[in-house]
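Colleague: I am new to this structure and would be grateful for a close look at a single part of it. Please describe that part and then place it in its surroundings.

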Amino acid sequence: MEVRHYNIPVFIPEIACPHRCVFCNQETITGIHKAPKAEEVKSLVMSYLSTINRKNTEIKIAFFGGSFTGLPIEIQEDYLKSIQPLIVGNITGIRISTRPDYINFEGLQILKKYHVSNIELGAQSMDDEVLRLSGRGHDHKKVLQAAELIKSQGFQLGLQMMIGLPGDSFEKAMETARLIVNAGADETRIYPTLVIKDTVLEQRWLKGSYQPLTLEEAVRQSSELYKYFEKNKIKILRVGLYPSEELVDNSGFLAGPFHNSFKELVMSEIWKDILKEIEPKTDKIILKVPVKEFNFANGYKKSNWHFLKSKFLSVKFIADTQLKNREFHVDYL
Ligand code: SF4
């Protein structure tokens with residue numbers, strides 16, 4: 001039976017990060033305004049655990065929303081110590097996210113001692129001009145050095161990237177993906193840049209010196225990146241931002257390619273690229289697709305079905321248990 005993977009998120013916005021990347025307002029992005037105290041984390045995790053069926057699962061406790069290793073060592077240890085009794089059975093480890101310039105050998109030994117298994121670095125871009133314009137405060141070499149150290153110490157490495165950053169382009173995004181693969185990443189996330197309230201990017205957008213990607217372009221770029229990572233066996237943990245309340249109700253979100261079903265749009269686009277190659281040999285077709293891919297093949301709001309209907313009189317999708325990945329079969333009627 002297939003093992004399901006869960007991350008139990010513990011958001012620690014801002015407290016861990018003295019930086020101000022031009023796009024970042026962690027409170028709005030995570031929807032969490034105050035980091036929990038170390039003594040609160042255990043009960044937070046326990047209450048989350050009570051909501052999931054733990055059969056056939058592998059669970060990790062994940063500190064997100066800030067730069068974990070930017071915290072003073074004592075606070076890192078307090079957080080990590082508080083959940084040590086929970087790391088048993090199918091709760092197999094801890095995941096943290098941080099910045100590349102907050103990684104050093106000594107810090108990694110502490111993380112190891114407390115069962116941290118996965119370290120995710122916000123690489124964002126491997127282009128130094130994009131990093132500079134985004135106010136990241138590090139260059140791409142720093143990302144590569146940190147990645148090498150993390151791998152050498154036996155952690156699973158995640159390298160997150162963003163698209164549509166100031167000065168960015170599709171070519172630069174693909175080069176970032178190539179370097180992420182070469183750096184030996186096990187996992188990645190693809191985040192489109194959004195204009196969030198109370199950020200430097202908001203000012204630039206208001207002045208007209210920054211334009212976010214359109215939703216269409218962000219979906220297009222993400223679909224190419226997704227295919228590239230998939231081909232290189234990198235696990236893609238997320239495409240698109242987690243929709244916090246402030247993003248969903250628009251109170252913190254000003255502009256950019258945000259969509260509640262961003263991943264679905266990306267997967268539909270990948271299928272569209274496949275389906276547009278089908279030759280119009282007859283008027284009617286039946287398309288057999290893998291069960292898991294049925295909705296994506298049909299497309300978001302049946303977009304791919306509508307697309308095919310412009311070429312065929314009759315189009316029917318059928319889920320086929322024999323097919324896997326993105327295999328498909330066309331019956332011409
Ligand atoms: S380093 Fe991360 S948490 Fe800190 S400001 Fe930049 S994006 Fe936000």
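Modeller: Helices α9 and α11 are roughly perpendicular to each other (a label for angles of 65 to 115 degrees), because their axes cross at roughly 70°. This is a predicted model, in which local features need pLDDT of at least 70 and side-chain atom pairs count only at pLDDT 80 or more, while totals for chains, interfaces and linings use all residues. Residues are numbered from 1 along each chain as its sequence is written.

Helix α9 spans residues 215–231, and its axis comes within 9 Å of that of α11. Helices here are DSSP runs of H or I with at least four residues, numbered from the N terminus; axes are lines fitted to C-alpha atoms over the stretch in contact, with angles from 0 to 180 degrees between N-to-C directions.

From α9, Val219, Arg220, Ser222, Ser223, Tyr226 and Lys227 meet Leu265, Val266, Glu269 and Ile270 of α11 (contact requires C-beta atoms, placed from the backbone, within 7 Å). This contact has five nonpolar, two polar and three charged residues.

Val266 is also among the residues that touch the most other members of the largest nonpolar core, which has 82 residues. Such a core joins buried nonpolar residues through C-beta atoms within 7 Å, where buried means 20 or more other C-beta atoms within 10 Å. Helix α11 (residues 262–275) gives the most to this core, with seven residues. The core draws at least three residues from each of domain 1 (4–260) and domain 2 (277–332), whose bounds come from an automatic or database assignment.

Methods. A residue is buried if 20 or more other C-beta atoms lie within 10 Å of its own, exposed if 12 or fewer, and partly exposed in between; C-beta atoms are placed from the backbone. Helices (H or I, at least four residues) and strands (E, at least two) are DSSP runs, numbered from the N terminus. Angles under 35 degrees count as roughly parallel, over 145 as roughly antiparallel, 65 to 115 as roughly perpendicular and the rest as oblique. Two residues are in contact if their C-beta atoms, placed from the backbone, lie within 7 Å. Ala, Val, Leu, Ile, Met, Phe, Trp, Tyr, Cys and Pro count as nonpolar, Asp, Glu, Lys and Arg as charged, and the others, Gly among them, as polar.
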